[in-house]
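Please look over the sequence and the structure before reading on.

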Amino acid sequence: LGFNTKKPPFDDARVRKAFALAIDRDYFPKLLQSGQRPESSFLTPNLKGYNPKLGLQYDPTEARRLLAEAGYPGGKGFPRVELAFRTQFAQRREAEILQALWKRNLGVDVRLLNMDWKVFLERLHRDAPHMY
């Protein structure tokens, strides 16, 4: 998941952190039923330097506090933002899970943008959406 830090509201680190803390990584394998393990780091267990405690852990209370501190208590006044993903069933399902988690934990609405791979890459270079 990437954030366009040049577009409000994701130019505020508190908002980015709130969105990250609002993701329950344990939720994904249960819903996707794909046998994947939740991770909070780019490093996987088979790589040197792996530490399962690295990265941000799920903390919806802190996420709500940060979002309120950034001026959006309970998601009030939060602008409509977009999450772009490429056309694939698994990515659509993941995007829908993220959308639901952010709605439940932060009270914000996220619009999903489904794009073919070529269009997705072109959009990232031309005018990256809020999240991708």
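The sections below describe salt bridges and the exposure of their partners.

## Basis of the description

The model is predicted, so that local features need pLDDT of at least 70 and side-chain atom pairs count only at pLDDT 80 or more, while totals for chains, interfaces and linings use all residues. Residues are numbered from 1 along each chain as its sequence is written, and side-chain values use heavy atoms, with hydrogens and water left out.

## A linked network

Eleven salt bridges are present in the structure, each being a side-chain nitrogen of Lys or Arg within 4 Å of a carboxyl oxygen of Asp or Glu. A network of these contacts links Asp-12, Arg-14, Glu-62, Arg-65 and Glu-69.

Within this group, Asp-12 pairs with Arg-14, their closest N and O atoms lying 2.7 Å apart. Asp-12 is buried at 18% relative accessible area, whereas Arg-14, at 31%, is partly exposed; buried denotes under 20%, exposed over 50%, and partly exposed the range in between, with a 1.4 Å probe and protein chains only.

## Pairs along helices

Glu-69 and Arg-65 also form a salt bridge, with an N to O distance of 2.7 Å. These two residues stand four apart in helix 3 (residues 60-69), a separation of about one helical turn, helices being DSSP runs of H or I with at least four residues, numbered from the N terminus. Glu-69 is partly exposed at 42%, and Arg-65 is likewise partly exposed at 42%.

In helix 4 (residues 89-106), Arg-93 and Glu-96 are three residues apart, again about one helical turn, and their side chains meet in a salt bridge at 3.7 Å, N to O. Arg-93 is partly exposed at 26% relative accessibility, as is Glu-96 at 30%.
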